[in-house]
Amino acid sequence: MTTTTKTTKTAPKLVLVTGGARRVGQAVALAMAQAGWDVAITYRTSAAEAKQTAAAITKLGRRALPIRADHADPSAPKKIIAQIRRRFGRLDALVNNAAIFSRSRLGQISPAEFDRYLAVNARGPLLLIQACAPLLAARKPTPQNPCSGKIVNLLDIHVLGQPMRGYLAYNASKAALLEITRSCAIELAPQITVNAIAPGVVAWADSYSTKDRRQYLKRVPLARPGSPADVAKAVRFLLEDADYCTGQIIHLDGGRLLS
Ligand SMILES: NC(=O)c1ccc[n+]([C@@H]2O[C@H](COP(=O)([O-])OP(=O)(O)OC[C@H]3O[C@@H](n4cnc5c(N)ncnc54)[C@H](OP(=O)(O)O)[C@@H]3O)[C@@H](O)[C@H]2O)c1
């Protein structure tokens, strides 16, 4: 006996990757496009790189939407969501990747500097989660897709008990994002999962000298830095496979937290 299977063509899913024009965010955006997702990215200053990333996504056969936004601006999420609704009418996942990172020594931290860290690295992701939640929860769960939406926040291993000396404002902002991750996992269940990735070095900051890099790697059991592609693989796992996982933090650090 022959059976005919009726195949229904489902629309591609859409992921929004903040800071998706370059470095880690770009790797995540391209990996998700390769996996068959449409991709919206935000950028602030990297307009040319955003255009190139969008072109690369289109070349992979997926739709791309680059959106200029400043995540320190509380009105940004509303504008981002309006553009996504207009172009795609859906949203399946959000990756909060955009962040600022530089030294801030105790004794020299101004109120404006501290506020800026919290605004970009913690309040920005939180306001975007709030604005995206209705769209992320909009699809009816199915046995194949038991959760409607997925959120992944980018943290840092240094918020997990080993703060980085000389980076107090950054450490504090990422620690806030850690608690936002856990709280949102509770608040948005059962429709939306919220997890985080805490990388060690996956793309060296220009400010790291050769000596700093050697010192850092001495304490990495896997004896090498990670790469943006390592983050992209972990994001893809959380977005596509980790249906029964929420409020969790993946340590992507070559074992550095153990040493
Ligand atoms: N690189 C690492 O080894 C490492 C280690 C631990 C954690 N992480 C975390 O992983 C994520 C990605 O790391 P990365 O090194 O690729 O980051 P990055 O290069 O320092 O920054 C990523 C993007 O964030 C965007 N951004 C910054 N401020 C913004 C604002 N106010 N509004 C909108 N966009 C803004 C920038 O966009 P424009 O260029 O368009 O201005 C930038 O391209 C970050 O959350 C970082 O904290 C990275």
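Trainee: Pro199 stands opposite Leu252 in S7. What makes S6 and S7 a pair?

Mentor: Two strands pair if DSSP finds at least two bridges between them. Strand S6 (residues 192-199) and S7 have four bridges, in the parallel sense, so they meet that definition. Before we go on: this is a predicted model, where local features need pLDDT of at least 70 and side-chain atom pairs count only at pLDDT 80 or more, while totals for chains, interfaces and linings use all residues. Residues are numbered from 1 along each chain as its sequence is written.

Trainee: What makes S3 and S7 edge strands?

Mentor: Look at the order of the open, parallel sheet of seven strands: S3-S2-S1-S4-S5-S6-S7. Strand S3 (64-68) and strand S7 (249-252) each have a single partner strand, so one side of each has no neighbour in the sheet. From one strand to the next, the twist averages 15 degrees.

Trainee: Which strands do H1 and H4 lie across?

Mentor: H1 lies across strand S1 (14-17), S2 and strand S4 (93-96), running at about 165 degrees to S2. H4 lies across S4, strand S5 (149-154) and S6, at about 175 degrees to S4. Angles run from 0 to 180 degrees between N-to-C directions, and axes are lines fitted to C-alpha atoms, for helices over the stretch in contact.

Trainee: Now the helix pairs. Why are H3 and H4 called roughly parallel?

Mentor: Two packed helices are described by the angle between their axes and the distance between the axes. For helix H3 (residues 76-87) and helix H4 (residues 111-136), that's about 30 degrees and 8 Å. The cut-offs are under 35 degrees for roughly parallel, over 145 for roughly antiparallel, 65 to 115 for roughly perpendicular, and oblique for the rest. H3 and H4 are therefore roughly parallel.

Trainee: Which residues make that contact?

Mentor: Pro77, Lys78 and Ile81 of H3, with Leu127, Leu128, Ala131, Cys132 and Leu135 of H4. Contact here takes C-beta atoms, placed from the backbone, within 7 Å.

Trainee: Then why is H1 called oblique to H7?

Mentor: H1 and helix H7 (residues 228-240) pack at about 50 degrees, with their axes 8 Å apart. That angle makes H1 oblique to H7. In this contact, ten residues are nonpolar, none polar and two charged.

Trainee: How are those classes drawn?

Mentor: Ala, Val, Leu, Ile, Met, Phe, Trp, Tyr, Cys and Pro count as nonpolar, Asp, Glu, Lys and Arg as charged, and the others, Gly among them, as polar.

Trainee: What makes H1 and H2 roughly parallel?

Mentor: The axes of H1 and helix H2 (residues 47-59) come within 9 Å and cross at roughly 15 degrees, and the two helices are therefore roughly parallel. Gln26, Ala29, Leu30 and Ala33 in H1 meet Thr53, Ala56 and Ile57 in H2.

Note on methods: Contact = placed C-beta atoms within 7 Å.
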